[in-house]
Amino acid sequence: MMLEWEGKALLRHAGVAVPAGQVVRHGSEVATFEGKVAVKAQVRSGGRGKSGGVLRADTLDAARQAVDAVMAMRFVGEAPEAALIEGWQSIARELYLSVVVDSAAAGYALLYAPQGGVDIESGPPPARYDIGPARNFRAWQFRATIEAVETDVAVRERVVTLAERLVRLAAGRDCTTIEINPLAVLEDGALMALDAKVVRDDWAHFRQQDIAAMQEADKLRQPPLVQACLDMQHMYVPLDGDVALISGGAGMTMGVMDMIKDLGGAPACFLDCSPGPASTRGYRPAFAMLDADPRVKVILVSVFGGGTHMDRVASAMRDIMPTRTSKKPVVFRLDGTHVDQVDGILADIGARNHASLEAAVEESVRLAKEIA
Amino acid sequence: MSILLHRHTRVMIQGITGQMGRFSARDMQRYGTTVVAGAVPGRGGQEVDGIPVYATPREAVEHAKVDATLVYVQPSGILHAAIEAIEQGVKLVVATADEVPVQDCIEIRAAAKANGADFLGPNSPGIISPGQAKMGFMPSFCYREGDVGVISRSGSLSYEVCQRMTRAGIGQSTVIGIGGDPVKGTTAAEALALFHADPATRAVVFLGEIGGVEERTVAEYAARPGAKPVAALIVGRTAPPGKKMGHAAALVGSAADTPEAKGRAMRDAGVFVASGLGDIVANVRAAREHAAGPAAR
């Protein structure tokens, strides 16, 4: 997900009107001032307006103070990366317009509401136009969709034109969501995007240089041990428990997390290593990270592989185990392609493979309790 | 019988000369799959495990009469590899790769619909009709021939559950991985319609997870008069809200995305909902026994 100012830069480039803005990190950076301004915390969490992350300022000093004030705020624990200063707009009406990837549409869908703003979720559901592939957008179909809810013909035509632009932008720049709320009708009747929530498709990084750069920047914000896991394409979400999980496949990983809880334990993480290499190089950073994590007491390696071959996973474990300095116990449950070779390989390091998931999870939970 | 893939389905592997391609060519043939061609740019005239390799899907279709293709190429190459096969008249396209841009999935799905083809995936282990044929890399020993259809959003979860079913003596008609992406080649609803029409399928198992709308459509099917009995498992009770759990669509965004809400909606519709991996087989058995009369053969 992009920050508001990044999303607005994308919109501006696509010919969508947005307020002129300035991005700063400290009040002292605010140099010029004209009229009235909005000072907006740049965060990814929702509900910013309701939690006081948008301030109005009428003087240069007030603007500087407002920047320092919003930079000191936290939004669901998130610190703002910057503050966006924009000219305060005189608004006749607030609309809602978004284009999203949607499974029911098997492609893009447009959503429109004639009353936008912070209370959009408590109003009636927006009018919806299922497009499918972006090239299937038809202005007349969208116009017909919003005709009943948008009676102002001039506004309606501007919304239709803008909607087409957003659909093209979403397809061309691999966005899965472009949400403009509020979309302002200014006093002269023109439309202007006062906020922007833009979500890019991570998997399009190979053809969108800015997505690749965003991912790199996200990675560099993580601690070094987590970065090493991300370098191996592991998917990592830390949780509150003490039984760490090195696993393969998102669904299976969640299934094992659930079982850890059902058998009296608590999972310490979601760590899906299947996108990375099933090798010593691939798994080593996972152990380095979990061994160093003080909350983790036990590591459960649970992989049921199809494309991931178990002889390779077991060989990686045989390489890694003797090099660990941590005394944390490791429990194995490997199954799937070439599982018949696992016992022989693990025997080299005196380790045992559990035949059933239940047995492996039970042992992991028991060990975690003994250590506690 | 089975759905989409049968003993005599003539299968092509695009990318057969890669590591995965070579492994699956052998593994799939050993399972009984009719693998008739490979297609790899610049490798026309070669052979892999006795299977002729053509430079393009067009040549493969022309010489080897291909019905279905398994696309083993990089995510950045899936779009054009799949569309090329579809436009040559191939009727089933299976894409296993994860990390395929959703835009490309949208385009492949649209091309498949326009050409009367089925598209399965991406982010899927593929499809297996036990005892007949497989397209993909699922471990063969997890399956046995039977009358329960399986639809799964997650690959390894389907291996685990099918192995448990097989050990309990419950076989499968066809097991299809629909993948965990927000736009799927084949949705759960479309897969259910195929199983509904298959006389050899007596009951259906759905393996789901947090996020997405698939579970709602499964509940809608189950509530229809004359629907085949459905058992289900929804994983991710322990996932924190607002975090993407690996699969692009696996995220608890709203109250309706939680396993509790999904489970409730499914139970209300008459689905046999398991609480976890531990009782999924019991629920499959109950669904199967609920089916009126034996399946036609």
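Domain bounds here come from an automatic or database domain assignment. Chain B is divided this way into domain 1 (10-120) and domain 2 (138-290).

Before you select anything, note that this is a predicted model, in which local features need pLDDT of at least 70, side-chain atom pairs count only at pLDDT 80 or more, and totals for chains, interfaces and linings use all residues. Residues are numbered from 1 along each chain as its sequence is written, while chains are lettered from A and ligands numbered from 1 in the order in which they are written.

**Stop 1: the two domains of chain B**

Colour the two domains of chain B separately. Their centres, taken over C-alpha atoms, are separated by 27 Å. Now look at where they touch. Two residues are in contact if their C-beta atoms, placed from the backbone, lie within 7 Å. Domain 1 of chain B gives eleven residues to this contact and domain 2 of chain B gives seven. On the domain 1 side, α4 (102-114) and β7 (118-120) of chain B each supply at least two residues. Helices (H or I, at least four residues) and strands (E, at least two) are DSSP runs, numbered from the N terminus. The largest share of that side, six residues, comes from α4(B). By class, the side has nine nonpolar, no polar and two charged residues. Here Ala, Val, Leu, Ile, Met, Phe, Trp, Tyr, Cys and Pro count as nonpolar, Asp, Glu, Lys and Arg as charged, and the others, Gly among them, as polar.

**Stop 2: the seven-stranded sheet of chain B**

Show chain B as a cartoon. Seven strands form an open sheet in the order β9-β8-β11-β10-β12-β13-β14, with mixed pairing. Two strands pair if DSSP finds at least two bridges between them. At the edges stand β9 (133-136) and β14 of chain B, each with a single partner strand, so one side of each has no neighbour in the sheet. From one strand to the next, the twist averages 15°.

Select β10 (145-152) and β11 (172-177) of chain B. They run parallel, joined by five bridges. V148(B) stands opposite Q172(B) in β11(B).

**Stop 3: strand β13 of chain B**

Move to residues 230-235 of chain B. Six of the six residues of this strand, β13(B), are buried, so the strand is largely enclosed by the rest of the structure. A residue is buried if 20 or more other C-beta atoms lie within 10 Å of its own, exposed if 12 or fewer, and partly exposed in between; C-beta atoms are placed from the backbone. V230(B), A232(B) and I234(B) point one way, and A231(B), L233(B) and V235(B) the other.

Which strands join β13(B)? Strand β12 (203-209) of chain B runs parallel to β13(B), with six bridges between them. There, V204(B) has V230(B) as its bridge partner. Strand β14 (272-274) of chain B is also parallel to β13(B), through three bridges. A231(B) has F272(B) as its bridge partner.

**Stop 4: helices on the sheet**

With β12(B) and β13(B), α7(B) makes a right-handed β-α-β unit. A crossover is right-handed if, with the strands pointing away from the viewer, the path from the first strand over the helix to the second runs clockwise. The helix lies across β12 and β13 of chain B, at about 160° to β13(B). Axes are lines fitted to C-alpha atoms, for helices over the stretch in contact, and angles run from 0 to 180 degrees between N-to-C directions.

Next, select α9 (280-290) of chain B. This helix lies across β10, β12, β13 and β14 of chain B, running at about 175° to β14(B).

**Stop 5: where the chains meet**

Show both chains. The contact takes 42 residues from chain A and 47 residues from chain B. On the chain A side, the elements that give two or more residues are β11 (235-238), α7 (250-262), β13 (269-272), β14 (298-305) and α11 (357-371). The largest share, eleven residues, comes from α7(A). The chain A side divides into 21 nonpolar, 14 polar and seven charged residues.

**Stop 6: chain A**

Chain A is assigned domain 1 (20-87), domain 2 (91-206) and domain 3 (222-371). The C-alpha centres of domain 2 and domain 3 of chain A lie 44 Å apart.

Finish on the antiparallel open sheet of four strands in chain A, in the order β1-β4-β2-β3. β1 (21-24) and β3 (54-57) of chain A are at the edges. The twist averages 25° from one strand to the next. Four bridges join β1(A) to β4 (83-87) of chain A, and V23(A) stands opposite L84(A). Helix α1 (4-13) of chain A packs on the sheet, touching β1, β2 (37-41) and β4 of chain A, and its direction makes about 145° with that of β1(A).
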